[in-house]
Amino acid sequence: MGEISSTKRIPRPLVKINQAFIVISVLLAWITGAYLILALPLAAGLSGLLFGYHPVIKLAANFLRKEPSSYLQEDWDQQQFNQSIAVFCLTVGLVSLLAGWTVIGYIFTALVATAATVAILGFCIGCFIHYQWKMYSYRRKQAASGK
């Protein structure tokens with residue numbers, strides 16, 4: 001994924017693969033009770049956030065049939081924001097499940113799985129939150145400057 005910049009883009013199929021990976025991991029963890037499965041999307045997400053290298057996306061990129069630029073593109077910064085939310089929810093969920101706090105664990109893993117599922121279907125909850133935050137910040141800045 002290279003350097004982080006506001007013009008960086010990610011082909012949509014790769015974003016959807018990552019979302020599907022999160023959903024499948026959560027479902028497998030719930031079905032099997034092997035909660036450490038959640039460490040896989042968590043580690044991949046952390047790697048993407050900290051190092052700009054997301055192993056799931058890198059692996060999936062090998063299977064694109066066309067040039068990456070020919071697909072609809074997703075904004076890198078927006079995806080980093082979304083990945084931050086996913087990493088937070090996966091961390092709280094995994095730690096809670098391992099600590100025996102199953103209700104909290106299931107709530108946070110359900111949040112991330114639901115958000116990823118809804119995103120696959122076409123509505124990005126993280127994008128909505130990000131937009132609302134940007135608008136709030138803008139309005140606050142305008143109010144502070146007296147405009």
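Trainee: Why is Cys 127 called partly exposed?

Mentor: In this model, which is a predicted one, Cys 127 has a relative accessible area of 23%. Buried would require a value under 20%, and exposed a value over 50%. The 23% of Cys 127 lies in between, so the residue counts as partly exposed.

Trainee: How do you know that Cys 124 and Cys 127 form a disulfide?

Mentor: Their sulfur atoms are 2.3 Å apart, and the pair has to be within 2.5 Å to count. The value of 2.3 Å meets that limit, and therefore Cys 124 and Cys 127 are taken as a disulfide. By this rule, the count comes to one disulfide.

Trainee: What makes the disulfide of Cys 124 and Cys 127 right-handed?

Mentor: The torsion about its S-S bond is about 75°, and the disulfide is called right-handed because of that torsion.

Trainee: How do you know that Cys 89 is in no disulfide?

Mentor: The nearest cysteine sulfur to that of Cys 89 belongs to Cys 124, and it is 13 Å away. Since a pair must be within 2.5 Å, a separation of 13 Å does not qualify, and Cys 89 is therefore left without a disulfide.

Trainee: Is Cys 89 buried or exposed, and what value tells you?

Mentor: Cys 89 has a relative accessible area of 8%, and the limit for buried is under 20%, so Cys 89 is buried.

Trainee: Why is Ser 96 counted as buried?

Mentor: Ser 96, which is found in helix H4, has a relative accessibility of 3%. That value is set against the limit of under 20%, so Ser 96 counts as buried. Leaving aside residues up to four places away in sequence, Ser 96 touches Trp 101, Thr 102, Ile 104 and Gly 105.

Trainee: What makes Phe 51 exposed?

Mentor: Phe 51 has its place in helix H2, and its relative accessible area is 64%. Exposed means over 50%, so with 64% Phe 51 is exposed. The C-alpha atoms of Phe 51 and Val 103, which are 52 residues apart along the chain, are separated by 32 Å.

Trainee: Where does Glu 67 lie, and why is it called exposed?

Mentor: Glu 67 lies in the loop between helix H3 (55–61) and strand E2 (73–75). Its relative accessible area is 58%, and the limit for exposed is over 50%, so Glu 67 falls in that class.

Trainee: Why is Thr 114 called partly exposed?

Mentor: Thr 114 lies in helix H5 and has a relative accessible area of 45%.

Trainee: Which residues of the largest nonpolar core touch the most other members?

Mentor: That core has 16 residues, and Ile 22, Val 26, Leu 38, Leu 90 and Val 112 touch the most other members. The elements giving two or more residues to this core are helix H1 (12–32), helix H4 (76–99) and helix H5 (102–121). The largest share, six residues, comes from H4. Not counting residues up to four places away in sequence, Val 26 touches Leu 38, Leu 90, Thr 109, Val 112 and Ala 113. A second, separate core of eight residues includes Val 15, Ile 57, Leu 64 and Tyr 71.

Trainee: What values describe how H2 and H4 meet?

Mentor: Two packed helices are described by the angle between their axes and by the distance between those axes. The axes of H2 (residues 39–51) and H4 come within 9 Å and cross at roughly 140°, and the crossing is left-handed. Among the residues making the contact are Ala 39, Leu 42 and Leu 46 of H2, and Val 87, Leu 90 and Leu 94 of H4. By class, this contact of H2 with H4 has eight nonpolar, six polar and no charged residues.

Trainee: How many helices and strands does the chain have?

Mentor: The chain has six helices and two strands, and along the sequence these follow the pattern β-α-α-α-β-α-α-α. Of its 147 residues, 34% count as buried.

Key: Residues numbered from 1 in each chain as written. Predicted model: local features only at pLDDT ≥ 70, side-chain atom pairs only at ≥ 80, totals over all residues. Heavy atoms only, no water. Core = buried A, V, L, I, M, F, W, Y, C linked by side-chain atoms within 4.5 Å. Buried < 20%, exposed > 50% of the residue type's maximum accessible area, 1.4 Å probe, protein only. Helix = DSSP H or I, 4+ residues; strand = E, 2+ residues; numbered from the N terminus. Contact = heavy atoms within 4.5 Å. Axes fitted to C-alpha atoms, helices over the stretch in contact; angles between N-to-C directions. Left-handed = near helix turned anticlockwise from the far one by under 90°. Nonpolar A, V, L, I, M, F, W, Y, C, P; charged D, E, K, R; others polar.
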